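Hello,

Here is the structure I promised to pass on. Please have a look before reading my notes.

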Amino acid sequence: MIPPTPCYVVDEQLLTQNLKILGSVRKETGCRILLAQKAFSMFSVYPLIGKYLDGAASSSLFEARLAREEMGKEVHIYAPAYRDDEFGEILKYSDHIVFNSFSQWEKYRAAVRECPRKISCGIRVNPEYSEIETGIYDPCGEFSRLGVTLSNFRPEELDGVEGLHFHTLCEQGAETLDRTLRVFEEKFGRFLSAMKWVNFGGGHHITKPGYNLALLKDCIRRVRDKYGVQVYLEPGEAIALNTGFLISTVLDVTENGMGIAILDTSAACHMPDVLEMPYRPEIVGAGRPGELQITYRLGGPTCLAGDVIGDYSFREPLKPGDRLVFCDMAIYSMVKNNTFNGIGLPAILLYGESEGFRMVRQFGYEDFKTRLS
Ligand SMILES: *Cc1c(COP(=O)(O)O)cnc(C)c1O
């Protein structure tokens, strides 16, 4: 099969390689690892992910339901605030519920207690320490709404709370985790011995080449042994890092002071992090501007002037019909895409060594129309 474009392709072998690394961390430390669905919610591979990991972390009712329906292992949820009209259903799907404040905990603790299913509750804390430079990704910035700071912590209201949660990393190494843990322990360690679990959140770049796995394992074992708690990690990126591609076709090639290629994929619709983060995705066989023979600005098919993926150089001139393969497109892509400008959603495919390409889902006009009225 020749995949239609644009399409996301997730490579099962590459995904399995990541899952094996995560599986070895679990096995050697006894920690539990959850898929943070916010980064990657391709539920057709949840059964594969469920073979290696303990379950999924959710940030909304719908994510919790998806995890329950499609993975069926541990379902954890955290949200900055819960809605009264959704909390009853959240109780049906969730094994762990993490509250962002003591007021939320107070509001909902009776409902949790009355629920016939056993649900373990935790509080998200803000250790006020992070090494993130980009403001919109820093949960410890000034006036952050995410998590309880030590000065707002209410030890007298911990009855029934079984865990603490923090999430302060973003694409970072175990060295950052190690330094974060020192601060977290100094501030909140005294409450930890009374807890059953601690959740180190996401942002751990565990499957990136060069990641210090030995230090991660040391951190987990140290906290586990010192406080007698079950350690959880909930990485998103690390699970599907470098396992997916976005294949696109060149629609037209023009010129305005430099070569311009219009693609059938859009930065705004299909890779919004390219504009938001911002970052530059790799393209197979292409180089930085000026590095190879001929440089083009690659742009999307929308009317947004800024729908530009970036400037890339190629060995040969581009022509309509050429295919370009963008790398590392599994994470924060499918979960964020949209139909702005009436642009269709990319198809979703799996690739396996023996099976080749398999179509998982194609989208059409109805997917555009049903979100409008
Ligand atoms: C975003 C998020 C994650 C996953 O983060 P990654 O950077 O994708 O690993 C985990 N937990 C919480 C609470 C998050 O907000």
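Below are my notes on the ligand site and on one glutamate.

This is a predicted model, where local features need pLDDT of at least 70, side-chain atom pairs count only at pLDDT 80 or more, and totals for chains, interfaces and linings use all residues. Residues are numbered from 1 along each chain as its sequence is written, and side-chain values use heavy atoms, without hydrogens and water.

Some distances to ligand oxygen atoms follow. A polar side-chain atom of Tyr 332 lies 2.7 Å from one. For a polar side-chain atom of Lys 38, the distance is 2.8 Å. A backbone N or O atom of Glu 237 lies 2.9 Å from a ligand oxygen. The protein buries 89% of the 390 Å² that the ligand exposes when taken alone (Shrake-Rupley method, 1.4 Å probe).

Now Glu 63. This residue sits in helix α3, residues 61-70 (helices are DSSP runs of H or I, at least four residues). Glu 63 counts as buried because its relative accessibility is 15%, and buried means under 20% (1.4 Å probe, protein chains only). Beyond neighbours within four places in sequence, Glu 63 contacts Gln 37, Lys 38, Ala 57 and Ser 58 (heavy atoms within 4.5 Å).

Best wishes

Methods. Helices (H or I, at least four residues) and strands (E, at least two) are DSSP runs, numbered from the N terminus. Buried means under 20% relative accessible area, exposed over 50%, partly exposed in between (1.4 Å probe, protein chains only). A polar contact is a pair of N or O atoms within 3.5 Å; within protein, one must be able to donate a hydrogen and the other to accept it, and residues adjacent in sequence count only if both atoms are side-chain atoms.
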